[in-house]
Amino acid sequence: MPAFSIAVVLALNLGMTLAQTAVTVNVGSTLQQIDGFGVSQAFGRASEFKALASTPRTKGLDYLFSTTTGAGLTIIRNRIGSGGSGDSILPNSPGSPSGTPSYVWDGNDSGQVWFSQSAMSYGVKTIYADAWSAPGFMKTNGNQGNGGWLCGVTGKTCSSGDWRQAYANFLVQYVKYYQQAGIPVTHLGFLNEPDYVTSYSSMQSDASQAASFIPTLYNTLNSNGLSSVKITCCDATGWSAQKTLTSGLVSAGMEQYLGVFTSHMYSGDPNSPLSTKLKVWETEAADLDSAWCATWYSSGGLCEGLTWANKIHTGIVNANLSAYLYWEGVEVNQSQASSYLVASDGTNVTPSGRLWAFAMWSRFIRPGAYRVSTSGTVSSVGIGAFKNTDDSVIVVFTNTGSSAQSVKLSFTGFTPSSAEAYLTDNSHTVASTTATLSGGAVTVSVPAHAVLTVKMSSGGTATTPTTTTTQASPSTTTTKTTTTTASGCTAAL
């Protein structure tokens, strides 16, 4: 090859090697506060989880909540039952809205008491209790399923009377039972997918009907010494439906009573902010169509981890979410579905790529963190930056493209003294990788089809360039570690 051609090729290769994209993190420019990431074990899944033998049960809990070997989730969502005996705390009608209710509490709540206590043992502090429906005798159709409305809300009357106060009392009593068990419910919802009618627990509502109940629930919580419990609304099936509900509730002046607006993603992912001054959560998301898969990335399918990493990124960064929850956490012998994060056959416990997608956010971005602004874009890479309450700064890169990208991070209002980077892709799971700190800037390489999370701490100024490779656990440093890959295998790094 002629010398000139060789020189051109070398120059091109050198340029490709050294090409970097500059991104600046403005730590002083704060956006929404982050409450966390989580799951549910509703509809008896908590009982099935609890019934596992000790070893797989502990492994499952570790995968969900550990900040060293799992996702480090920080929110759980429990279902307030509305059916008959064994499901609801009020299985039988008191005869009228003013009748004396005969509440029944078994101390178990379909395993959700155990699940809540277990989550709390890992440091979880956010417990969301949500009702899919009022008991049937409080509704226009006399059935806890098949839709129907709460008797007494706007435009809906029943011959039996107005059940709004009785429903508020019912919800508050549920919170009290958990309080007595040492479980402080922090958030309380009275609707689930009110725009969807199905044969199981479901109750319909529009914004005006919700607004005719919310003050009653608010006052009932306050009169029972539970003013710290935040009311949520409305867990609609998707973003468009929740936007409509939110607009109506804001117009009706309901922000003064509510704590959080909540939505699901089945009929549309959260992709733009809601028009509200309140926090916004995505409280139920899942792949309801695929059989179980543990894949990180193959073809961009809905069950794959990278797909969910990108959904989380879009929700947090584009829609200003403060929380993102998957549907179920651990399920047993349910290989037909990917609607949960961790699978067990009763003996073995297998994490999915979806779990590790959550880990790349939840393990590092802790409750109370604030998202901060960034400038600069990287081809096919989503960027989210955060400041934790311990003053550490976290940057999450989500590369959905087929090429690796080199990024140089600079900072405004922050001087890093150390930097750690963690990688999840088809070959690594929250595994340590290189982060180079020099002159107050951090340089990293973001592989194709991967998530890279960078954690930086301050406390001094580095005087010489340092290249740091840390152990997969953020808390220690070593040259060798054992980590679990997205396929569930164990590898030494």
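Two residues are in contact when heavy atoms of theirs lie within 4.5 Å. The legends below apply this term to a predicted model.

**Figure 1. Overview of the predicted protein.** The protein contains 10 helices and 23 strands. Of its 493 residues, 54% are buried. Among contacts between residues at least 6 apart in sequence, 72% join residues at least 24 apart.

**Figure 2. The largest nonpolar core of the protein.** This core has 106 residues. The residues with the most contacts inside the core are L64, Y167, L171, F190, L217 and L249. Helix α5, which covers residues 164–180, gives the most to this core, with 10 residues. A second, separate core has 27 residues, including V378, V393, L423 and A450.

**Figure 3. The surroundings of L217.** When neighbours within four places in sequence are left aside, L217 is in contact with A168, L171, V172, L188, F190 and I231. Among these partners, L171 and F190 are, like L217 itself, listed with the residues that have the most contacts inside the largest nonpolar core.

**Figure 4. Helix α3, residues 54–65.** This helix has 12 residues. The distance from its first C-alpha to its last is 16 Å, close to the 16 Å expected at 1.5 Å a residue. The buried residues in α3 are P56, G60, L61, Y63, L64 and F65. An α-helix has 3.6 residues a turn, so residues three or four places apart point the same way.

**Figure 5. The packing of helices α9 and α10.** Two packed helices are described by the angle between their axes and the distance between the axes. Helix α9 (residues 305–318) and helix α10 (residues 353–362) pack at an angle of about 35°, and their axes are 7 Å apart. Their crossing is right-handed. On the α9 side, the contact is made by G305, W308, A309, I312, H313 and I316; on the α10 side, G353, R354, A357, F358 and W361 take part. Seven of the residues of this contact are nonpolar, three are polar and one is charged.

**Figure 6. S227 in the loop between α7 and β6.** The loop that holds S227 lies between helix α7 (214–223) and strand β6 (230–236). S227 counts as exposed because its relative accessibility is 56%, and exposed means over 50%. Not counting residues up to four places away in sequence, S227 touches L221 and N222. The C-alpha atoms of S227 and T186 are separated by 10.0 Å, although the two residues are 41 residues apart along the chain.

Key
Residues numbered from 1 in each chain as written. Predicted model: local features only at pLDDT ≥ 70, side-chain atom pairs only at ≥ 80, totals over all residues. Heavy atoms only, no water. Helix = DSSP H or I, 4+ residues; strand = E, 2+ residues; numbered from the N terminus. Buried < 20%, exposed > 50% of the residue type's maximum accessible area, 1.4 Å probe, protein only. Expected span 1.5 Å × (residues − 1). Axes fitted to C-alpha atoms, helices over the stretch in contact; angles between N-to-C directions. Left-handed = near helix turned anticlockwise from the far one by under 90°. Nonpolar A, V, L, I, M, F, W, Y, C, P; charged D, E, K, R; others polar. Core = buried A, V, L, I, M, F, W, Y, C linked by side-chain atoms within 4.5 Å.
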